[in-house]
Amino acid sequence: MNQNDILNITYPSMDVAREEMKKMLSERKEDYSLPRPLYNDPLLFRVDVEEIFQKEWLFVGMTSEVPAKGDYFTVEIAQDPVLIVRDADGNVNAFHNTCRHRGSRICTEHRGKVANLVCPYHQWTYDTKGNLLFAGMEMGPEFDMQQHKLHPIHCKTAGGFIFICMADTPPESDFDDYLATLEEYMEPYDVANTKLAVESNMYEKANWKLVLENNRECYHCAGSHPELLNTLLEWDDTTDPRATPEFLAYCERMAQEWDNENIPHEHKKFGRRNRLVRMPLKEGTSVMTIDGTRSSQKMLGRIKNDKLGSLRILHLPNSWNHMQSDHFIVFRVLPISAQESLVTTKWFVHKDAVEGVDYDVATLRRVWDATNEQDRKLGEENQRGINSLRYQSGPYSKTYEYGVIDFVNWYSETIQKHL
């Protein structure tokens, strides 16, 4: 617990914290930012973890990160270690990464490949379906190995995306409808034939909600993101209230090109949580590089035209993504503490693309490394200002910050539903 967390403890118990959170959210002024404790109090952060990150569907990674049986990667969801592994039948499984003997983490590396999952502490051994294979004769003749399988986590895949839900029973919603649409919209990219080119992990000293709020608007882009705006159009989609007639006409022309190549592009929205929309980039540019030219010589899937723009995919509470002709970028946000978050960015290219020949990692990374660092500074200054005793909730712009309004409303509704 850092010093700010200690200074901001205000609630004597989790029960009191939950009641105070319920009261704050029910009394929250519409279209205003959240009360201060929801951005910096450690007990209210714990409620966020329990009611959002332990109950909702989370994006964790891509199926092409585990292309063959025994391939795995690990991730921590607010100190809860999770293991993603492909089993012998080709299924992607998720487990709590904790041994059923004494609780040690089983897979201690971020990525790897195994025949079986062997705990490094006492060598208890599991297969990639979570079954316990070996515990040693010292456990005695009455020990039941069937009762000591790895604890599974609900796991679903669609369009190459991996989602997990740590709740005993996942929430009922339109999530399966979203997954079906995601499968359709991702088909042109053939994710199975892509590979992870590089990833970055950035620790941001800001509450996870501030990270998402910053992402959900481009009000700040002109003053903060010169590299990104070399190619990105600031409009969120064709329903953006700021959209000009020229922009809408450009989108119509691009829609004809998308239709000619059978590329799905109709705006799809599933409540406030999930959205897919194909958007053009600035005319004359191909992808989100510093000069707008392609970053890889090998195109993805069945895409032929490198100027088809970007498929933007939103999944609350923790992911936004940009799918382009020669590479795609996925972003994942995970909470660390009341005032710290982990932002992971991953760049994917065609699996046959050769580094140094077909693509250059520095070229791939340049725009988003700069943008992430700029956003980190914005988020951290936002957090420090909110920590002020004089902070009070401020109004969002319905024209420029409607995406933020949607996110905060989704968060408020979801928390209250679970509480």
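Across the interface of domain 1 and domain 2, nine residue pairs are in polar contact, both residues being at pLDDT 80 or more. That cut-off is there because this is a predicted model. The elements that give two or more residues to the side of domain 1 touching domain 2 are β1, β2 (71-77), β9 and β10. Of that side, the largest share, five residues, comes from β1.

Now the domains themselves. Domain 1 covers 57-165 and domain 2 covers 176-402. Their C-alpha centres lie 30 Å apart. The contact takes 21 residues from domain 1 and 27 residues from domain 2.

On area: about 1,800 Å² is buried between domain 1 and domain 2, and carbon and sulfur atoms give 63% of this. Phe59, Ser64 and Phe161 supply 28% of the area that domain 1 buries against domain 2, more than any other three residues.

On charge: the count between domain 1 and domain 2 is three salt bridges. There is also a salt bridge to look at between the side chains of glutamate 65 and lysine 346, at 2.8 Å from N to O.

Last, the sheet. Seven strands form an open sheet, in the order β1-β10-β9-β4-β3-β2-β5, with antiparallel pairing. At its edges are β1 (58-62) and β5 (111-113), each of which pairs on one side only. Neighbouring strands here are turned by 30 degrees against each other on average, direction ignored.

Threonine 157 stands opposite isoleucine 162 in β10.

Key
Residues are numbered from 1 along each chain as its sequence is written. This is a predicted model: local features need pLDDT of at least 70, side-chain atom pairs count only at pLDDT 80 or more; totals for chains, interfaces and linings use all residues. Side-chain values use heavy atoms; hydrogens and water are left out. Two strands pair if DSSP finds at least two bridges between them. Helices (H or I, at least four residues) and strands (E, at least two) are DSSP runs, numbered from the N terminus. Axes are lines fitted to C-alpha atoms, for helices over the stretch in contact, and angles run from 0 to 180 degrees between N-to-C directions. Domain bounds come from an automatic or database domain assignment. Contact means heavy atoms within 4.5 Å. Buried area is the accessible area (1.4 Å probe) that two parts lose on being put together, summed over both. A salt bridge is a side-chain nitrogen of Lys or Arg within 4 Å of a carboxyl oxygen of Asp or Glu. A polar contact is a pair of N or O atoms within 3.5 Å; within protein, one must be able to donate a hydrogen and the other to accept it, and residues adjacent in sequence count only if both atoms are side-chain atoms.
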